[in-house]
Amino acid sequence: SLHDALPICFYGINSGIIAKGGATLVIKNAKIKTSAAGANGVFSYGANNGTTNATGDGTTVKISNSTIKTTGDGSGGIMTTYGGTTIATNLKVSTKGGSSAPIRTDRGGGWVTVKGGKYVSAGLGSPAIYSTADVKVSKATLVSKQSEGVCIEGQGSVALTNCNLTANNTNTNGNATFCDTIMIYQSMSGDASDGTSSFTMKGGSLTSKNGHTF
């Protein structure tokens, strides 16, 4: 897989904060920082059967007006797997490690809604958004300094509304053979169900500094 998924990416081990078991977690005005490998900032684990966007146990994370910083590899900012739900409003998220998308999903997918904020990645294999889920983002700034801007796998989807997305994909990762900004693919790793992916964008701006745009 492009994002080198490990089991810790699926279940939330090492995360700064994790919600599971059908919980609803509300986070406001927080400062969250992690430095370990696989240490996602905030994790929503829905415990479905691993089929993309199958109904989970209702686990929901609602986070607003907060800052998340991760520096280790495999450490996304907000992470959603196995049918969890994440609702993020006005966050400032930055990641430095490889395979560390600021808006990140993995096996089993889920539902992610992002409103406002700024999401910046610096590492290789770390797009601003990595989707095996249903991801909707509005009025946000999305920046990838070294990797793709958006990667969508299998039945994942990303819908951007009035967002400003900038990517400078300077190096390839995993099995990639070229640089790009929007990548839609199936890795055959089992992380996302086979099917139709989709990318939609309304308003805002899309800046591709290197490689293919799509």
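Two strands are taken to pair if DSSP finds at least two bridges between them. The model shown in these views is predicted.

**View A. The open sheet contains seven strands with parallel pairing.** The order across the sheet is β3-β6-β9-β12-β15-β18-β21. Strands β3 (31–34) and β21 (205–208) form the edges, each pairing on one side only. On average, neighbouring strands of this sheet are turned by 5° against each other, direction ignored.

**View B. Strands β6 and β9 pair in the parallel sense.** Four bridges connect β6 (residues 67–70) with β9 (residues 92–95). Within this pair, lysine 69 stands opposite serine 94 of β9, and threonine 70 has threonine 95 of β9 as its bridge partner.

**View C. Strands β3 and β6 run parallel.** The two strands are joined by four bridges. Isoleucine 32 has isoleucine 68 in β6 as its bridge partner. Strand β3 is an edge strand of the sheet.

**View D. The side chains of β6 alternate along the strand.** Ile68 and Thr70 point to one face and are buried.

Key:
Residues are numbered from 1 along each chain as its sequence is written. This is a predicted model: local features need pLDDT of at least 70, side-chain atom pairs count only at pLDDT 80 or more; totals for chains, interfaces and linings use all residues. Side-chain values use heavy atoms; hydrogens and water are left out. Axes are lines fitted to C-alpha atoms, for helices over the stretch in contact, and angles run from 0 to 180 degrees between N-to-C directions. Buried means under 20% relative accessible area, exposed over 50%, partly exposed in between (1.4 Å probe, protein chains only).
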